[in-house]
Amino acid sequence: MDAHAVNNYESYAEFYDSWQDSWPESVMTPCVNMLADIAAGRPALELAVGTGRIALPLSQRGIEVSGVDLSESMLARLRRKPGAEKLSITQGDMADVPFEGPFGLIYCVASFEYLLKQEDQLRFFVNVEKRLATGGSLIIQTIIPNDAIFSNDFRLNRMSDLPSGDFEMASVMLMGVKGDPVNQFLDQRIMVLGEKPKVFHHKIRFVWPNELDLLARCAGLALHARWGNWQRDTFVSTSRLVISEYRRA
Ligand SMILES: C[S@@+](CC[C@H](N)C(=O)[O-])C[C@H]1O[C@@H](n2cnc3c(N)ncnc32)[C@H](O)[C@@H]1O
């Protein structure tokens, strides 16, 4: 199954960029802080760099950042942003890790699950291991799916998750997710209701943390640390976010 054929990032780029503008500083700053700490002045590579949400602020911290992404539309938006000229960017498949390295930090945020086959996820780890500098780290942010997703219906937010009161908005985003627990797929429909309503369809292959560790181990990497958020809180069984750091075994 070709992820590019299933997931249309080309029309998604504009929406992603306007959506990411609404990401609070409180989410982005700890993420960039942690990555800058781990890079410790060494070159960094972002796998699935998107429109530069993380690569640009990381580069502003004085880190030499490279990035790869499958989508030319995402990269086109990134290239138009101030500071993009300092990045080394290429279009390609993150599983190929199309850079020589070595990198002190290789990271992948909110994207690893777009590799829809286990063999591509393994290839990702094998190629990352070859590009890591001695003592270098791989950081991956993945998700733990909510078990409600595996019921038979597409689910929208529970009413209790919606803001209360009357207010005006330029657009509304609704997300429905259907889970396939056997093949580990999540089928996501993102509906953006506004002046020009749009529906995006995304499919991902989620991984439990223990599968991630096994994939890493098959590539000669070992889990070094794991957190439940970018503030470095301990990962616990109720965490929804998984931030894993791997180093050479
Ligand atoms: C949700 S965005 C995240 C972008 C960025 N990491 C961030 O946190 O803002 C997912 C990105 O993964 C990219 N992508 C999906 N499959 C890919 C692949 N096989 N190789 C490289 N990029 C891929 C998409 O084009 C998209 O830019």
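How do the residues of the shell around the ligand divide into nonpolar, polar and charged?

Mentor: Twelve are nonpolar: the shell splits into 12 nonpolar, four polar and four charged residues. Here Ala, Val, Leu, Ile, Met, Phe, Trp, Tyr, Cys and Pro count as nonpolar, Asp, Glu, Lys and Arg as charged, and the others, Gly among them, as polar.

Some ground rules before we go on. This is a predicted model, so local features need pLDDT of at least 70 and side-chain atom pairs count only at pLDDT 80 or more, while totals for chains, interfaces and linings use all residues. Residues are numbered from 1 along each chain as its sequence is written, and side-chain values use heavy atoms, with hydrogens and water left out.

Back to the ligand. There are 20 residues around it, and Tyr-16, Ala-48, Arg-53, Asp-69 and Met-94 come nearest; a residue is near if one of its heavy atoms lies within 4 Å. Look at the N and O atoms next. A polar side-chain atom of Glu-46 is 2.9 Å from a ligand nitrogen, and a backbone N or O atom of Ala-48 is 2.7 Å from a nitrogen of the ligand. Arg-53 has a side-chain N or O atom 2.6 Å from an oxygen atom of the ligand. Taken alone, the ligand exposes 600 Å², and the protein buries 98% of that (accessible areas by the Shrake-Rupley method with a 1.4 Å probe).

Now the rest. Helices (H or I, at least four residues) and strands (E, at least two) are DSSP runs, numbered from the N terminus. Helix H6 spans residues 118-131 and holds Glu-129. The side chains of Glu-129 and Arg-248 are joined by a polar contact of 2.6 Å (a pair of N or O atoms within 3.5 Å; within protein, one must be able to donate a hydrogen and the other to accept it, and residues adjacent in sequence count only if both atoms are side-chain atoms).

Strand S7 (185-193) pairs with strand S8 (198-205) in the antiparallel sense over eight bridges; pairing takes at least two bridges found by DSSP. The two form a hairpin with four residues between them, and Asp-187 stands opposite Lys-203 in S8.

Most residues other than glycine have a negative phi, and most peptide bonds are trans. Ala-40, though, has a positive phi, near 45°, and is found in the loop between helix H3 (25-39) and strand S1 (44-47). The peptide bond from Gly-101 to Pro-102 is cis, with omega near 5°, and Pro-102 is in the loop between strand S3 (88-91) and S4.
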